[in-house]
Amino acid sequence: MAPEPFQYAVLRLVPRVEREEFINVGVIVFCRTRQFLRARVALDPRRVEALAPGVDLAAVGEHLDARVRVAAGDTDAGPIAALPQSERFHWLVAPSSTVIQTSSVHSGLCDDPESVVERLFAQLVAVEPAES
């Protein structure tokens, strides 16, 4: 198969919007030609606490989980999750001034969008385990 175009954005936690400081907490990858849309997230409590002590991690986790479920088209995730993939992707990456924001949308070519999710997540989100 020939490489196919894909788009992606990074999910960011912006605990204090006015300060514009953020932590990368996930990626969203969309490949229209492969009918692929996936979000992968991870919340590192140590990083969040270092940036913004007292953030409600449970609430942030729920908001991130909702984005994963919308991307997956989960029938229990509300009306946005029922939209076609392209509309869900555009909703997920729309600019927002809330504590969960996305980067600009970037594009590329890929043979396997699932491997793109894993590669981008490892490069942009995953944190090395703390040394003991």
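Me: Before we start, how are residues numbered, and which pLDDT cut-offs apply?

Reply: Residues count from 1 along each chain as its sequence is written, and side-chain values use heavy atoms, with hydrogens and water left out. Because the model is predicted, local features need pLDDT of at least 70 and side-chain atom pairs count only at pLDDT 80 or more, while totals for chains, interfaces and linings use all residues.

Me: How many helices and strands are there in the protein?

Reply: Helices (H or I, at least four residues) and strands (E, at least two) are DSSP runs, numbered from the N terminus. Here you will find 4 helices and 5 strands, and reading along the sequence gives β-β-β-α-α-α-β-β-α.

Me: What does the radius of gyration say about the protein?

Reply: The radius of gyration is taken over C-alpha atoms, and the globule rule is 2.2 Å times the number of residues to the power 0.38. In this case the radius of gyration is 15 Å, close to the 14 Å that the rule gives for 132 residues, so the protein is as compact as a globular protein of that length. Along its principal axes, the C-alpha trace spans about 45 × 35 × 25 Å.

Me: What share of the residues count as buried?

Reply: Buried means under 20% relative accessible area, exposed over 50%, and partly exposed in between (1.4 Å probe, protein chains only). Of the 132 residues, 34% count as buried. As for surface, accessible areas come from the Shrake-Rupley method with a 1.4 Å probe, and for residues only the protein chains shown count as cover. The protein exposes about 7,600 Å², with carbon and sulfur atoms supplying 52% of it.

Me: And which share of the contacts joins residues 24 or more positions apart?

Reply: Contact means heavy atoms within 4.5 Å. Among contacts with a separation of 6 or more, 63% come from residues 24 or more positions apart.

Me: Let us look at a helix. How many residues does α4 have, and how far does it reach?

Reply: The expected span of a helix is 1.5 Å times one less than its number of residues. Helix α4 (residues 113-124) has 12 residues, and from first C-alpha to last it reaches 16 Å, close to the 16 Å expected at 1.5 Å a residue.

Me: Which residues of α4 are buried, and what do they pack against?

Reply: P113, V116, V117, L120 and F121 are the buried ones. To see how they are arranged, look down the axis: the arc is that of the directions from the helix axis to the C-beta atoms. The buried residues of α4 fall within an arc of 125°, so they line one face of the helix. They pack against β1, β2, β3 and β5 (106-110).

Me: Where do the buried residues of α3 point?

Reply: In α3 (residues 85-92), S86, R88, F89 and L92 are buried. Their arc is within 160°, so they too line one face of their helix. Their cover includes β1, β2, β3, α2 (57-72) and β4 (100-102).

Me: Now single residues. Where is L37, and which residues is it in contact with?

Reply: L37 sits in strand β3 and counts as buried because its relative accessibility is 9%. Beyond its neighbours within four places in sequence, L37 is in contact with I28, V29, F30, A71, Q85, R88 and F89. Its C-alpha is 10 Å from that of P84, 47 residues apart along the chain.

Me: What does the side chain of N24 reach?

Reply: A polar contact is a pair of N or O atoms within 3.5 Å; within protein, one must be able to donate a hydrogen and the other to accept it, and residues adjacent in sequence count only if both atoms are side-chain atoms. A polar atom of the N24 side chain lies 3.0 Å from the backbone oxygen of L124. N24 belongs to strand β2 and is buried, at 17% relative accessibility.

Me: What about D44: which backbone nitrogen does its side chain reach?

Reply: That of R46, at 3.0 Å. D44 lies in the loop between β3 and α1 (45-51), and D44 is buried, with a relative accessible area of 17%.

Me: Finally, is E20 buried or exposed?

Reply: At 65% relative accessibility, E20 is exposed. E20 is in the loop between β1 (4-13) and β2 (23-31), with phi near 60°, a positive value in a residue other than glycine. Q35, in the loop between β2 and β3 (36-41), has phi near 50° and is exposed at 64%.
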